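Visitor: Hi, I've just opened this one and would like a quick tour. Could you take me through some side chains?

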Amino acid sequence: MNLVGDLHTHTVASGHGYSTVMEIAQVAKRKKLEVVAITDHSPEMPGGPLPIYFESHGHFPREIAGVKIYFGVEADILDEKGNLALDEKLLKKLDIVIVSFHPQIFPPASREINTQALLRAIENPLVDIIAHPGNPRYPLDYERVVEAAVSRGKVIEINNSSFTITRRGSRENCRLIAQEVKKQGGWVAVSSDAHFCETVGEFKEAQGLLEEVGFPPERVLNSSRDNIEKFLNRERR
């Protein structure tokens, strides 16, 4: 399965990223990607950018070295009500909104509390992708989460970094999630979650898992630029 885009990457603006937008785009070009999304952490994350970073999108390049660049955020879920760590006014300005849990912001809780928080975040029409839901620190009711995502047109991420660098112990959970998305007819996105430019476009472990469960390649969002553009340009705001 050939993947043409990486929709979850971080720059130095995240505070614990180690590369610039230019460096990420240059690596993406070298690895023959057509699309990259810059999705730095939201302001609540320690070291994260100030809100003005997301307000200044007019300065952001739309293409570098022939690579289409989208500007977005990985917004933290703040509480059980599914509130996000970036206000609606700013979320509306972004090309792509990813949501996720991090222990610095939302301490891991019970399966029911985690699930309720995520379900409420999924109800937000500005949300596009649910990041690394296989994190073993955040047990979830996968059937309910996938059902909500599918019914509201959201995409579930299979995060390659969860198999190689962070969130160790995610693989079996991700396999169960991929099987559930396949069963319910939903979509996934394979992402690097790169915090250093050389890991942009690294998808090997996540791709292997999808092949293992027989996930339909045509329902992998970043398997074509057309898929990505149609999804991000849909009416949701």
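**Charged pairs and a buried aspartate**

Guide: Let's start with R225, which counts as partly exposed at 26% relative accessibility; that class runs between buried, under 20% relative accessible area, and exposed, over 50% (1.4 Å probe, protein chains only). This is a predicted model, where local features need pLDDT of at least 70 and side-chain atom pairs count only at pLDDT 80 or more, while totals for chains, interfaces and linings use all residues. Residues are numbered from 1 along each chain as its sequence is written, and side-chain values use heavy atoms, leaving out hydrogens and water.

Visitor: Thanks! What forms a salt bridge with R225?

Guide: E229 does, with 2.8 Å between the closest N and O atoms; a salt bridge needs a side-chain nitrogen of Lys or Arg within 4 Å of a carboxyl oxygen of Asp or Glu. Both residues sit in helix α9 (residues 225-232), four residues apart, or about one turn of the helix. Helices (H or I, at least four residues) and strands (E, at least two) are DSSP runs, numbered from the N terminus. E229 is partly exposed, at 25% relative accessible area.

Visitor: How many salt bridges in the whole structure?

Guide: The search finds twelve. One of them joins E212 and R171, whose closest N and O atoms are 2.7 Å apart. E212 belongs to helix α8 and R171 to helix α7, so this pair ties together parts 41 residues apart in sequence. E212 is partly exposed at 48%, and R171 is partly exposed at 36%.

Visitor: And D193, what does its side chain meet in a salt bridge?

Guide: R167, at 3.0 Å from N to O. That pair links distant parts of the chain, 26 residues apart: D193 is in the loop between β8 (188-191) and α8 (204-212), and R167 is in the loop between α6 (161-164) and α7 (171-184).

Visitor: Are D193 and R167 buried or exposed?

Guide: Both of them are buried.

Visitor: New topic: why does D95 count as buried?

Guide: Because its relative accessibility is 19%. D95 lies in the loop between α3 (88-91) and β5 (96-100).

Visitor: What does the D95 side chain make a polar contact with?

Guide: The side chain of R62, at 2.6 Å. A polar contact is a pair of N or O atoms within 3.5 Å; within protein, one must be able to donate a hydrogen and the other to accept it, and residues adjacent in sequence count only if both atoms are side-chain atoms. The D95 side chain also reaches the backbone nitrogen of F71, at 2.7 Å.
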